[in-house]
Amino acid sequence: MATVTRGIVHIDEDKCTGCGLCVLPCAEGAIELVDGKAKVVKEELCDGAGFCLAVCPEGALTIEQREAPAFDEDAAAERTAAKLAAGAVMAQTCFACGRSEMDAPLLPVRTGGRSTWVCVKCLPQLIHG
Ligand code: SF4
């Protein structure tokens, strides 16, 4: 498989406690828990967008630039569709209103010392008060 230099998730195993919080936010299903630690199971499924970074309470996730297989959009779409079909996608919710990601797009946010999600309907109130 051809490789390219690009951003891809790096997981610091020493910091990872295996809580699993980063698994569900990864729409592409690139991250799984293996032997109690988060792992990028297929590098071609990681688009390097970093949506998982904000939810890690340990700061174990970063984006690094390195040689890796190119992001495979088709494989990621297939994986996402399979997860949806299997009911293996647990919708995330907005910390402020409880709205599901199925009802409004969510963005990662740090608040009160924790990593969570805010919906686009609550974001303006968060920014402007
Ligand atoms: S959220 Fe962080 S600590 Fe939890 S499993 Fe993922 S990398 Fe490990």
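Where does aspartate 35 lie? I looked it up and found aspartate 35 in the loop between E2 and E3. I take helices (H or I, at least four residues) and strands (E, at least two) as DSSP runs, numbered from the N terminus.

**Ground rules.** I am working with a predicted model, in which local features need pLDDT of at least 70, side-chain atom pairs count only at pLDDT 80 or more, and totals for chains, interfaces and linings use all residues. Residues are numbered from 1 along each chain as its sequence is written.

Two strands pair if DSSP finds at least two bridges between them. Across this pairing, leucine 33 stands opposite alanine 38 of E3. The hairpin has 2 residues between its strands. Aspartate 35 has a positive phi of about 50° although it is not a glycine. I then checked its surroundings: aspartate 35 counts as exposed because it has 6 C-beta neighbours inside 10 Å. The scale calls a residue buried if 20 or more other C-beta atoms lie within 10 Å of its own, exposed if 12 or fewer, and partly exposed in between, with C-beta atoms placed from the backbone.

Is leucine 45 buried or exposed? Leucine 45 is buried, because 22 other C-beta atoms lie within 10 Å. I located leucine 45 in the loop between E3 and E4. Setting aside neighbours within four places in sequence, I listed its contacts (C-beta atoms, placed from the backbone, within 7 Å). They are Glu28, Gly29, Ala30, Asp72, Ala75, Ala76 and Arg79. Cysteine 16 is 29 residues from leucine 45 along the chain, and their C-alpha atoms are separated by 20 Å.

I looked for nonpolar cores, meaning sets of buried Ala, Val, Leu, Ile, Met, Phe, Trp, Tyr and Cys residues joined through C-beta atoms within 7 Å. The largest has 18 residues, and Cys22, Ile31, Cys46 and Cys52 touch the most other members. Strand E1 (3-11), strand E3 (37-40) and strand E4 (61-69) each give two or more residues to this core. Beyond four places in sequence, cysteine 52 is in contact with Val9, Cys22, Pro25, Cys26, Ile31 and Leu61.

Strand E5 (residues 106-111) and strand E6 (residues 114-119) pair antiparallel over 6 bridges. I traced two partners in E6: tryptophan 117 for proline 108, and cysteine 119 opposite leucine 106. This hairpin also has 2 residues between the strands, and glycine 112 takes a positive phi near 55°.

How many residues surround the ligand? I found 14, the closest being Cys16, Cys19, Cys22, Ala38 and Cys56. A residue is near a molecule if its C-beta atom, placed from the backbone, lies within 6 Å of it. The shell divides into 10 nonpolar, 3 polar and 1 charged. Here Ala, Val, Leu, Ile, Met, Phe, Trp, Tyr, Cys and Pro count as nonpolar, Asp, Glu, Lys and Arg as charged, and the others, Gly among them, as polar.

The contact takes 7 residues from domain 1 and 6 residues from domain 2. On the side of domain 1 that touches domain 2, I counted 7 nonpolar, no polar and no charged residues.

Technical notes. Two residues are in contact if their C-beta atoms, placed from the backbone, lie within 7 Å.
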